[in-house]
Amino acid sequence: MLRYIYADDLAQYPALQASMHLDRAVQFSARLKWAVSVDENGWERDEYDDMNPLYVIWENADGSHGGSMRFLPTTERTMVNDHFAELLNGTDICSPFIWECTRFCLGQKSNPRVAAAMMLAGGELMRAFSLTHLLGVFDPRMVRIYSMIGASPEVLGSAGEGRDKISVGLWAFKPEDRTKVLRRAGLSSEISEHWFDRSFGRTVQQVAVAA
């Protein structure tokens, strides 16, 4: 199932929190060899986890992490603006209608449907908060995943070659995209909206009106 959890509330789900940060360490440090920080508990965390981001997390049946993403509005500090501005010719992206998505991580026993479910969740956030785009940095391994679930980005800039290539992209989300991703995830619209309602205590439509 999908959960939408702000960082300040994540400690209420200790098994989910621990397994997410452990899986992030496996993916980004051990497997991809990124220069990330892993603490004494084996958790991968960075400064943006301290900014009360909104996490979208796939929770496995046993309460552990199956996949996750992290969201921050671009009106605040973001990884793209702080560390990858050279890919955009030094231009900052700052808009109340664009959120940054980072740390796309799949659990060690995940499957393509989990990736599609998380993309669906990104679309639900866009509907609820009247966003036009999501912003993110990605590497070549993600291109295949995005293509497979029908969520390929508009590339704004890239650097490097081969496996070392890194790009900044923008994702739009149209109504027909939602239908496609629902099918890829093997989910109904009703269950997706139920998970959103349960996390926020309001429907997508009610959040959109309040926003």
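Trainee: How many helices and strands make up the secondary structure of the protein?

Mentor: The model is predicted; local features need pLDDT of at least 70 and side-chain atom pairs pLDDT 80 or more, while totals for chains, interfaces and linings use all residues. Numbering starts from 1 along each chain as its sequence is written, and side-chain values rest on heavy atoms, without hydrogens and water. The secondary structure comes to 7 helices and 7 strands (DSSP runs numbered from the N terminus: H or I of at least four residues, E of at least two). Along the sequence they follow the pattern β-α-β-β-α-β-α-β-α-β-β-α-α-α. The C-alpha atoms fill a box of roughly 40 × 35 × 30 Å along the principal axes.

The largest pocket has a volume of about 780 Å³ (an open set of points on a 1 Å grid over the protein atoms alone, where a 1.4 Å probe fits, with protein on both sides within 12 Å along at least five of seven lines; the volume is the space filled by probe spheres on points joined across faces, edges and corners). Its lining holds 42 residues (an atom within 4 Å of a point), and Cys101, Thr102, Arg103, Gly136 and Val137 lie nearest the centre. Strand S5 (133–138) is among the elements that supply at least two lining residues, and S5 gives the most, with 5 residues. Strands S3 (65–73), S4 (98–106) and S7 (166–171) also supply at least two each, as do helices H2 (79–83), H3 (112–128), H4 (140–148) and H5 (175–185). By residue type, the lining divides into 25 nonpolar, 8 polar and 9 charged (nonpolar: Ala, Val, Leu, Ile, Met, Phe, Trp, Tyr, Cys, Pro; charged: Asp, Glu, Lys, Arg; polar: the others, Gly among them).
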